[in-house]
Amino acid sequence: MTPLASVFQDRDFISVLYIVSFCLFIYGLLGLTGPKTAVRGNRIAAVGMAFAVGATLLIPGIGNWGLILLGIVLGTAVGVPAARNVRMTAIPQMVALFNGVGGGAVALIAWVEFRTSSGFGDDPTYVAIFSLFAAIVGSVSFWGSNIAFAKLQEILPGRPISIGRAQQAVNLALLAIAVACATAIVAGADAGLLMIGVLLAAAVLGNFVVLPIGGADMPVVISLLNALTGLSAAATGIALNNTPLIVAGMIVGASGSILTNLMAQAMNRSIPSIVAGGFGGVVTTGASGDDGDRTVRSTSAADAAVQMAYASQVVIVPGYGMAVAQAQHAVRELAKLLETKGVEVKFAIHPVAGRMPGHMNVLLAEADVPYEQLKEMDDINGEFNRTDVSLIIGANDVTNPDARTNADSPIYGMPILNVDESRSVIVLKRSMNSGFAGIDNPLFYGEKTAMLFGDAKASVGEIAEELKAL
Amino acid sequence: MLVTNLAILALAGFAGYLTISKVPNTLHTPLMSGTNAVHGIVVLGAIIVLGLGADGALNKALLVIAVMFGTINVVGGFLVTDRMLEMFKSKPKEEVEA
């Protein structure tokens with residue numbers, strides 16, 4: 001009896017460690033609600049993870065130590081330098097990649113479970129169902145995240161890539177194949193090919209779902225993939241009867257879903273329509289026919305500097321272009337210079353500016369822009385009519401007045417920053433090419449608007465030089 | 001066992017919802033990256049299945065990769081979040097309210 005009793009004791013001990021670990025997760029995530037407590041919160045969650053891993057290694061009968069260690073060492077060797085060296089502008093693709101490997105791990109676990117239990121034949125039915133759910137979702141998440149990574153890293157073009165109208169039918173067919181193979185397995189079939197069918201159909205589906213999604217929709221897609229990996233982890237937890245997996249996976253599933261929803265709301269679009277994809281692929285002429293009369297007024301760095309130096313309030317609107325050009329530090333310098341000249345400087349942050357939720361905030365925080373200068377859309381929109389100059393740095397769709405006025409525009413109804421209400425607008429832009437979503441922006445042709453063409457970082461630097469000379 | 005686990009699942013869903021719905025826009029990127037690290041918890045699943053005896057070279061290889069993936073997810077996720085949040089904290093002087 002004694003050895004058995006000690007095993008039971010062990011089990012309880014492990015369970016207690018598990019409870020401690022997920023309490024730490026929740027407590028840590030609560031810390032993320034404020035900038036002051038966030039660092040500590042993240043570290044508390046990391047400690048929770050250490051508890052969970054430690055407790056798991058105590059499970060009686062655990063062997064294959066060398067291989068477990070090998071996996072952990074390899075993972076650390078890849079993960080640590082990647083996280084240490086990534087530039088802040090590249091965070092979205094890093095998160096996509098980390099998210100993808102999580103999904104990949106889930107899919108691999110389900111695959112091995114299938115192989116070692118003669119097609120879940122030795123397990124209760126629910127284990128098979130949850131494992132197969134995890135396999136499908138994990139595989140979709142792995143491949144989808146990899147595509148998102150490739151798009152953000154510009155290995156693949158950011159514009160939507162699709163096979164046209166048939167896309168949705170093909171996607172549905174792929175999902176049907178995956179579910180059909182899974183159903184056959186649950187019904188008792190144990191052919192290895194069926195499981196490969198599940199994983200493969202889900203893999204192709206993951207590719208096909210993310211390929212047609214344009215860069216501007218990336219914040220939504222990354223949140224969604226994050227939620228999916230969380231849900232697949234929770235399903236694995238149920239299949240393996242492991243409480244921390246269920247708790248942690250589900251928390252991520254829930255939080256990812258909230259974020260996805262928030263992002264979709266900020267773009268006034270439904271999640272299904274985003275996933276259906278193809279948004280922005282069509283080159284819309286919007287208010288067509290008047291292309292001939294529209295002229296663009298371009299300006300010089302010197303003029304822009306004078307204009308801003310004599311303003312009483314300047315609002316800077318950063319977008320993905322600022323991230324691409326790595327211009328955040330130059331922008332901070334410019335803002336400082338303007339402040340020394342007595343100009344009030346504020347930053348207007350649209351919720352979906354950039355490629356992931358809160359992307360601009362991270363970059364500006366990196367450049368030490370004070371928290372109080374960062375204004376959310378609802379807070380700043382009332383101020384544009386008192387603003388002398390709106391300086392737009394690599395943002396496009398989030399300033400497009402068509403979203404308010406042109407019912408034909410693909411982004412009609414999306415809440416935007418009302419920069420066109422300010423007395424003048426200066427737009428820093430590489431060229432007249434339309435933005436990531438390929439949508440025409442009448443703001444650029446407005447009477448109050450002046451364009452300053454060139455690399456955002458270089459342009460900001462030139463303006464700063466001119467300001468110093470004033 | 002299944003029913004207990006489903007109860008845990010449902011409660012965890014609400015806990016996650018309530019925890020996260022208070023996070024301000026500013027912190028959405030670190031939040032996402034932090035929760036991303038949390039779902040690296042799948043590494044537990046990989047360790048359990050590998051540790052409790054998976055036979056055969058292919059199974060073992062797949063599981064070592066799964067452990068590696070999970071570890072990348074956890075370690076990378078927490079580290080990158082930490083780096084990001086340090087920048088939010090490093091605001092020089094006044095930070096009156098949180």
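Analyst: A starting point is pLDDT, the predictor's confidence in each residue, from 0 to 100. The model shown is predicted; local features need a pLDDT of at least 70, side-chain atom pairs count only at pLDDT 80 or more, and totals for chains, interfaces and linings use all residues. Residues are numbered from 1 along each chain as its sequence is written, while chains are lettered from A and ligands numbered from 1 in the order in which they are written. Chain B averages a pLDDT of 87, and 91% of its residues score at least 70.

User: Over which residues of chain B is the pLDDT below 50?

Analyst: That stretch is residues 92-98 of chain B, which has seven contacts in the model beyond near neighbours in sequence. Two residues are in contact if their C-beta atoms, placed from the backbone, lie within 7 Å. For chain A the mean pLDDT is 87, with 93% of the residues at 70 or more. Residues 280-292 of chain A stay under 50, and the model has 23 contacts for them beyond four places in sequence. For the complex as a whole, the predictor gives an ipTM of 0.90 and a pTM of 0.85.

User: How many helices and strands does chain B have?

Analyst: Helices (H or I, at least four residues) and strands (E, at least two) are DSSP runs, numbered from the N terminus. Chain B has four helices and zero strands, in the order α-α-α-α from the N terminus on. Among the elements of chain B, mean confidence is lowest in H2(B), at 91, and highest in H3(B), at 95. Chain A, by comparison, has 17 helices and six strands.

User: What radius of gyration does chain B have?

Analyst: The radius of gyration is taken over C-alpha atoms, and the globule rule is 2.2 Å times the number of residues to the power 0.38. A compact globule of 98 residues would be near 13 Å, but chain B has 18 Å. The C-alpha trace of chain B spans about 60 × 30 × 15 Å along its principal axes. For chain A, the corresponding box is roughly 85 × 50 × 35 Å.

User: How many residues does each chain give to the contact between them?

Analyst: Chain B contributes 78 residues and chain A contributes 101 residues. On the side of chain B, the elements giving two or more residues are helix H1 (2-20), helix H2 (28-38), helix H3 (42-51) and helix H4 (57-89). H4(B) supplies the largest share of that side, 29 residues. For classes, Ala, Val, Leu, Ile, Met, Phe, Trp, Tyr, Cys and Pro count as nonpolar, Asp, Glu, Lys and Arg as charged, and the others, Gly among them, as polar. The side of chain B that touches chain A has 45 nonpolar, 26 polar and seven charged residues.

User: Which residues have the most contacts inside the largest nonpolar core?

Analyst: In soluble globular proteins, nonpolar side chains tend to be buried together. A residue is buried if 20 or more other C-beta atoms lie within 10 Å of its own, exposed if 12 or fewer, and partly exposed in between, with C-beta atoms placed from the backbone. A nonpolar core is a set of buried Ala, Val, Leu, Ile, Met, Phe, Trp, Tyr and Cys residues joined through C-beta atoms within 7 Å. The largest such core has 196 residues, and those with the most contacts inside it are A:Val198, A:Ile251, A:Ile393, B:Ala46, B:Leu63 and B:Val67. H4(B) gives the most to this core, with 17 residues. Leaving aside residues up to four places away in sequence, B:Leu63 touches A:Leu108, A:Val112, B:Ala46, B:Val49, B:Leu50 and B:Ala54. Buried residues make up 60% of the 98 residues of chain B and 54% of the 470 residues in chain A.

User: Why does A:Val47 count as partly exposed?

Analyst: A:Val47 is partly exposed because it has 16 C-beta neighbours inside 10 Å. This residue is found in helix H2 (residues 38-58) of chain A.

User: Into which domains is chain A divided?

Analyst: Domain bounds come from an automatic or database domain assignment. Chain A is divided into domain 1 (96-281) and domain 2 (291-469), with C-alpha centres 37 Å apart. Between them, 18 residues of domain 1 are in contact with 14 residues of domain 2. H8(A) gives the largest share of the domain 1 side, four residues.
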